[in-house]
Amino acid sequence: MEPDSVWSAPGRVNLIGEHTDYNDGYVFPFALPHRTAVAVRRRDDGLLSMATHGSDGTLQRAGTFRIEALEAGEVNGWASYPAGAAWALRESGIPLPGADLVISGEVPTGAGLSSSAALECATALALLDAAGRALDGPNAPDVMDIARWTRRAENEFVGAPTGLLDQTASLRCERAHALFFDVRSGETEQIPFDAAGSGLEVLVVDTRANHSHSESGYGDRRKGCEQAAELLGLPALRDISATDLDDALRRLPEELRPLVQHVVTENDRVLETLRRLRRDELTEVGELLTASHASLRDDYRVSCAELDVAVEAALESGASGARMTGGGFGGSAIALVSTELRSRTEQAVTAAFERHGFPAPRLFTAVPSAGAARDR
Ligand code: GLA
């Protein structure tokens with residue numbers, strides 16, 4: 001059966017600005033070339049059917065749901081992401097007629113590269129099209145509303161307390177650019193990011209580690225940040241400037257200080273990255289990436305052995321900077337390396353993983369790619 005349309009959305013890496021989004025701060029992602037595509041055919045009986053399209057061309061049915069009856073906690077596994085997108089649109093007052101979806105994804109899962117946001121966003125766009133609200137049509141909703149709806153799907157339907165980074169990146173990023181995003185104001189700015197033009201590459205190291213405490217660890221950090229902001233009488237940690245940091249730290253219990261230290265210095269590093277990229281000083285961004293990693297490892301404590309080994313091996317082999325990217329506790333690291341040194345860095349990271357007895361990492365160069373769009 002021919003679909004009415006096909007929509008796709010990419011995964012992302014975050015160049016810098018980690019664990020700042022739910023603190024109303026700044027992030028700086030770019031989209032990966034890896035995408036999740038959703039083919040959609042409208043139906044008018046209020047049902048949502050889902051199937052996946054395997055690489056061998058076969059279809060695997062994943063169930064049919066009555067959109068009216070979708071409730072948080074009742075759909076499990078990967079199907080909760082597209083079902084959550086339908087639920088969130090419904091909750092936002094968008095009448096959905098029903099749809100058949102066929103999904104095919106190439107964003108590595110469990111790698112901290114936002115495969116879930118890619119799936120949520122591509123599904124939301126497909127469903128909006130079925131509802132006569134296509135992103136490229138006259139009744140298109142605001143893209144930032146779609147980002148908030150899909151984030152709500154993840155927070156309330158899937159049950160992961162994430163921020164707005166991943167969905168915004170998947171929807172708003174543009175080819176050859178990184179996206180500076182001020183989460184509080186909702187403002188975004190496309191910053192040209194031409195690593196190749198500067199003789200550089202962003203190497204992604206998918207460590208293939210996924211530690212079991214990642215969800216509770218993420219939630220704990222988030223709660224700690226909210227508690228610190230409340231104790232300081234501030235809406236969010238975003239409201240502490242680098243110059244106010246010492247004073248704020250003095251007023252907090254010891255266990256919350258490292259969290260605040262990370263968030264405030266990380267926001268500052270994002271702004272400094274923005275300044276350097278605007279001056280076209282891409283190589284100079286490297287040291288900020290490395291400082292971000294140290295802060296995530298030592299203060300925020302969301303790194304892990306595999307990520308630290310990847311970062312250290314990359315730096316030792318000559319990378320100008322390296323850091324974990326995404327939520328942490330496993331997932332991926334990025335390294336800014338000169339094109340000439342790329343294969344040396346790849347070998348160094350692979351050898352270090354072997355020495356530590358870790359499964360071999362997956363490595364690829366990330367080229368800033370287009371955000372979500374209609375494919376046909
Ligand atoms: C995950 C979450 C994002 C963000 C990052 C950390 O990717 O989904 O909202 O909090 O972790 O920066």
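# Reading a predicted model, feature by feature

Mentor: Let us begin with helix α7, residues 257-278: its 22 residues reach 32 Å from the first C-alpha to the last, close to the 32 Å expected at 1.5 Å a residue. Keep in mind that this is a predicted model.

Trainee: Is histidine 262 buried or exposed?

Mentor: Relative accessible area settles that, and under 20% counts as buried. Histidine 262, found in helix α7, has a value of 0%, so it is buried.

Trainee: Which residues does histidine 262 touch, not counting residues up to four places away in sequence?

Mentor: They are Glu18, His19, Arg269, Ser295, Leu296, Asp299 and Tyr300.

Trainee: Could we try another helix? Which residues of α5 are buried?

Mentor: Here is the general idea to hold on to. An α-helix has 3.6 residues a turn, so residues three or four places apart point the same way. In α5 the buried residues are Ser214, Gly217, Tyr218, Gly219, Arg221, Arg222, Gly224, Cys225, Ala228 and Ala229. The helix covers residues 214-231, and its 18 residues reach 26 Å between the end C-alpha atoms, close to the 26 Å expected at 1.5 Å a residue.

Trainee: What do the buried residues of α5 pack against?

Mentor: Their partners are α3 (143-158), β9 and α7. Past the end of α5 comes glycine 233, with a positive phi near 70°.

Trainee: You mentioned β9. In what order do the strands of its sheet stand?

Mentor: To read a sheet, list the strands by who sits beside whom. This open sheet has four strands in the order β10-β11-β9-β12, with antiparallel pairing. At the edges stand β10 and β12 (362-366); each has a single partner strand, so one side of each is left without a neighbour in the sheet. From one strand to the next, the twist averages 25°.

Trainee: How many bridges pair β9 with β11?

Mentor: Strand β9 (residues 200-210) and strand β11 (residues 330-338) share eight bridges in the antiparallel sense. For one point of reference, find valine 202, which stands opposite leucine 336 in β11.

Trainee: Which strands does helix α10 lie across?

Mentor: Helix α10 (residues 342-356) lies across β9, β11 and β12, and runs at about 15° to β9.

Trainee: What about the sheet that holds β2, β7 and β8: in what order do they come?

Mentor: The order is β2-β7-β8 in an open sheet of three strands, and the pairing is antiparallel. Both β2 (26-27) and β8 (188-192) are edge strands with a single partner each, so one side of each lacks a neighbour in the sheet. Two bridges join β2 to β7 (residues 177-182), and valine 27 has phenylalanine 181 as its bridge partner in β7. Helix α4 (residues 165-172) packs on this sheet and touches β2, β7 and β8, with its direction at about 135° to that of β7.

Trainee: Now for loops. Where is serine 317 found?

Mentor: For a loop residue, ask what flanks it and what it meets. Serine 317 is in the loop between α9 (305-316) and β10 (321-325). Its relative accessible area is 6%, so serine 317 is buried. Leaving aside neighbours within four places in sequence, serine 317 is in contact with Leu341, Arg344, Thr345 and Ala348. The side chains of serine 317 and threonine 345 make a polar contact of 2.9 Å.

Trainee: And where is threonine 283 found?

Mentor: Threonine 283 is in the loop between α7 and α8 (286-298). At 41% relative accessibility, threonine 283 counts as partly exposed. Beyond its neighbours within four places in sequence, threonine 283 is in contact with Leu200 and Ser320.

Conventions. Residues numbered from 1 in each chain as written. Predicted model: local features only at pLDDT ≥ 70, side-chain atom pairs only at ≥ 80, totals over all residues. Heavy atoms only, no water. Pairing = 2+ DSSP bridges. Contact = heavy atoms within 4.5 Å. Axes fitted to C-alpha atoms, helices over the stretch in contact; angles between N-to-C directions. Buried < 20%, exposed > 50% of the residue type's maximum accessible area, 1.4 Å probe, protein only. Polar contact = N/O pair within 3.5 Å; in protein donor to acceptor, adjacent residues only side chain to side chain. Expected span 1.5 Å × (residues − 1).
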